[in-house]
Amino acid sequence: MTRVYNFSAGPAALPQEVLERLREEMLDWHGHGMSVMEMSHRGKAFVGIAQQAEADLRELLAVPSSYKVLFLQGGATAQFAGIPLNLTTPDAVVDVVNTGAWSKKAIAEAKKYCKVNVVADAASSNYAHVPPQSEWKRSPNAAYLHYTPNETIGGVEFPFVPDGDAPLVADFSSTILSRPLDVGRYGVIYAGAQKNIGPAGLVVVFDWVKRGGGLAAMAERNRAKAAKLYGAIDGSGFYRNPVAVECRSWMNVPFTLPHVELEKPFAEGAKRAGLVALEGHRSVGGMRASIYNAMPLAGVDALVEYMKEFQRTKG
Ligand SMILES: Cc1ncc(COP(=O)(O)O)c(C=O)c1O
């Protein structure tokens, strides 16, 4: 068996330790003689798993008791509609910051249900920065302010939490559980599970984050991985990341090569070296390394080594 380093933006890599535990529990979960997938979703065993998942999430993020936690179907995309449908009326105004592809999708959907005021749009930098709050044109009675703390495609991260009177609604799909978060500052936080948390079997992955030292430890690891990769890109004189330095994502690191024609050989050579899913999103091209919680530092080291070698032979 050969495991690769999977840099996919999601569904993303899972920790090997978690997969090994899943394998062990597949035929017989805790003496029940069946897997979790075969259990009644109303039975005691599964209800216990769901309750533990919520308790772990609350503990990891220090979620205040006044907040509800909902595990829903439909991913983050369903919430692009679900949130305006639940929190607005057709006459209500919501404020939205447009920092890239995922903000745009949230805006297009919200427009079907309420009035949308785009307070700032990062088009001037081709979505490579977060416009400072001093430039935002906010409406006086917004039902909420929506923003995308990390743009997964552009690799642009908010270096601050917005302030103001309107409740904050944030799409944390690609940063949730990657570092501590002050939940109390938000009205609604939503996120797809398939990046930093895991697909089905959530409870096991929360458990892994807890055993790994919780979110402060995740933050330290993630910061170190991102620093290493950006350092290699910036120091190369060959690879390039277009994002303003203070807005660079710890999770999704897009980079370009000097010529588009080098992208295919780069990706093919990477695959041969066991480094997969490095192609950028089809809407923007280039390369992108997604380095969520489950990506070990050794995976980033292997990528950096490969990048150096590719530059040496093709640069
Ligand atoms: C920031 C962001 N929002 C929303 C989504 C869509 O999530 P889902 O696939 O769970 O609907 C993604 C998926 O990549 C994302 O990165």
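In what order do the five strands of the open sheet stand, and is the pairing parallel or antiparallel? The order is 3-2-4-7-8, and the pairing is parallel; helices (H or I, at least four residues) and strands (E, at least two) are DSSP runs, numbered from the N terminus, and two strands pair if DSSP finds at least two bridges between them. Before I go on, please keep in mind that this is a predicted model, in which local features need pLDDT of at least 70 and side-chain atom pairs count only at pLDDT 80 or more, while totals for chains, interfaces and linings use all residues. Residues are numbered from 1 along each chain as its sequence is written.

Strand 2 (residues 93-98) runs parallel to strand 3 and is joined to it by six bridges, with D95 standing opposite N117 in strand 3. Helix 3 packs on this sheet, where it touches strand 2, strand 7 (168-171) and strand 8, contact meaning that the C-beta atoms of two residues, placed from the backbone, lie within 7 Å. The direction of helix 3 makes about 160° with that of strand 8, where axes are lines fitted to C-alpha atoms, for helices over the stretch in contact, and angles run from 0 to 180 degrees between N-to-C directions.

Helix 3 (residues 75-87) also brings us to the ligand, because the definition of its shell takes in residues whose C-beta atom, placed from the backbone, lies within 6 Å, and helix 3 gives the most to that shell, with three residues. Among the residues around the ligand are G75, A76, T77, W102 and D171. By class, the shell has three nonpolar, eight polar and one charged residues, where Ala, Val, Leu, Ile, Met, Phe, Trp, Tyr, Cys and Pro count as nonpolar, Asp, Glu, Lys and Arg as charged, and the others, Gly among them, as polar.

Finally, let us turn to a pair of helices. The axes of helix 6 (residues 214-234) and helix 8 (residues 297-314) come within 10 Å and cross at roughly 0°, and the two helices are therefore roughly parallel to each other, a term that covers angles under 35 degrees. On helix 6 the contact is made by R221, A224, K225, K228, L229 and A232, and on helix 8 by L297, V300, L303, V304 and M307. By class, this contact has eight nonpolar, no polar and three charged residues.

Terms used:
Angles under 35 degrees count as roughly parallel, over 145 as roughly antiparallel, 65 to 115 as roughly perpendicular and the rest as oblique.
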